[in-house]
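Please read them with the coordinates open.

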Amino acid sequence: MSSKKMKIGKKEFQTQGHTYVMGILNVTPDSFSDGGRWNNRDAALGHAEEMLKEGADIIDIGGESTRPGYTRLTEEEETARVVPIVEAVKAAFDVPVSLDTCKAGVARAGIAAGADLINDIWGLKFEGDMAEVIAQSGLPCCLMHNRADREYQSFVRDVTADLRESLLLAEQAGISPEKIILDPGVGFAKSYEQNLEIIRCLGELKRLGHPLLLGCSRKSVIGLTLDLPVEERLEGTLVTTVTAVIQGCMFVRVHDVRENVRAIRMAEAIGFRAGIGQAGM
C-alpha cells in the first residue's frame, strides 16, 4: 500500500481522507473544451491565478489535445508550448505543477523547467524512455489507463491488468511505489457504458494499492448522459466529483475549480467517504 502522504513540489498531500483539486491549464489551440483560451503566457498565468484563488491544489499543464481525432504533435512542438508556461507558473506562484505528457523528451524538458509531477495518459507505454525519465527525476507521477483498442474480455479485470502492466514498468525503472497515482482513464479506449462502469468500480482499482485521480470534467460521458454540449456539463461533472469523494480518490482533475472545491467540501462535511465505494456512516 502507498504511504499516507505524498510530497508534490513543496506541498505534502494526504493520499487518503481528502480529495484535492487539480486545475486544468490547456495551452493548446484545439482542446475539446477550452482550446485556444489559455495558449499564450499572459492568458495562461491569468487562468492559473484564477484557479488558485478558487482553491486549486495543483495546476496541470498540457500542450497536446487528446480529444477524439486530435493531431499528434512532435516532441519539439509540444515542448515549445509547455516549457515556457511551466517556467512562468512556477516563477509566479508557489504551487505544485503537473505536466500532462506521454513523451519522454517533453517530460525531461518539463522537469528541467520545474514540473513537480508527470501525468502520463499512456501509463508509461507510449515511449520506452518515459519510465526512466521519471525514475531519474525522483518525481511522483500519475499513470493513466489507456490502450489502442476497446477489445476487452472482462472490462474491469482487463483495465486492472493493464494498470498492473504500467506498475510493472514503473517498478522495473525504479519509480518508488509511494510516488505513483493511478487514473482509470475515463474517456480513453472505452465505450459510453464502459466509462460509466469504470467510474462505478473505482473501489476495485484502489485494491492495486495506489491513490486514484478521477478526470471526468466536461467529458463525453457526461454529454451523452445529459444530452448537453461541452459548456453545459458542470452539474454532471460535480456528480462525478462527489463520486470521487465517496470512492476515496486523492484527486479530481477539473476545469471549473470553484464549483468542484465547494462540492468536495460539502460531501466531506456530510461524511461521504469510505474509500471502498460506500458512503461513510
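1. A disulfide is taken here as a pair of cysteine sulfur atoms within 2.5 Å, and a search of the whole structure on that criterion finds zero of them. Cys141 is in no disulfide, the nearest cysteine sulfur, that of Cys142, being 7.7 Å away. For Cys216 the closest cysteine sulfur is in Cys249, at 8.7 Å, which is too far for a bond.

2. This is a predicted model, in which local features need pLDDT of at least 70 and side-chain atom pairs count only at pLDDT 80 or more, while totals for chains, interfaces and linings use all residues. Residues are numbered from 1 along each chain as its sequence is written, and side-chain values use heavy atoms, with hydrogens and water left out.

3. Buried means under 20% relative accessible area, with a 1.4 Å probe and protein chains only; Cys141, at 0%, counts as buried, and Cys216 is buried at 2%.

4. Helices (DSSP runs of H or I, at least four residues) and strands (runs of E, at least two) are numbered from the N terminus. In helix H4, residues 130-137, the buried residues are Met130, Ala131, Val133 and Ile134. Seen down the axis of H4, they fall within an arc of 165° (taken from the directions from the axis to the C-beta atoms), so they line one face of the helix. Just after H4, Gly138 takes a positive phi of about 75°.

5. Strands pair if DSSP finds at least two bridges between them. Eight strands form an open sheet with parallel pairing, in the order E8-E7-E6-E5-E4-E3-E10-E9. Strands E8 (180-183) and E9 (213-214) stand at the edges, each with a single partner strand, so one side of each is left without a neighbour in the sheet.

Definitions and conventions: Buried < 20%, exposed > 50% of the residue type's maximum accessible area, 1.4 Å probe, protein only.
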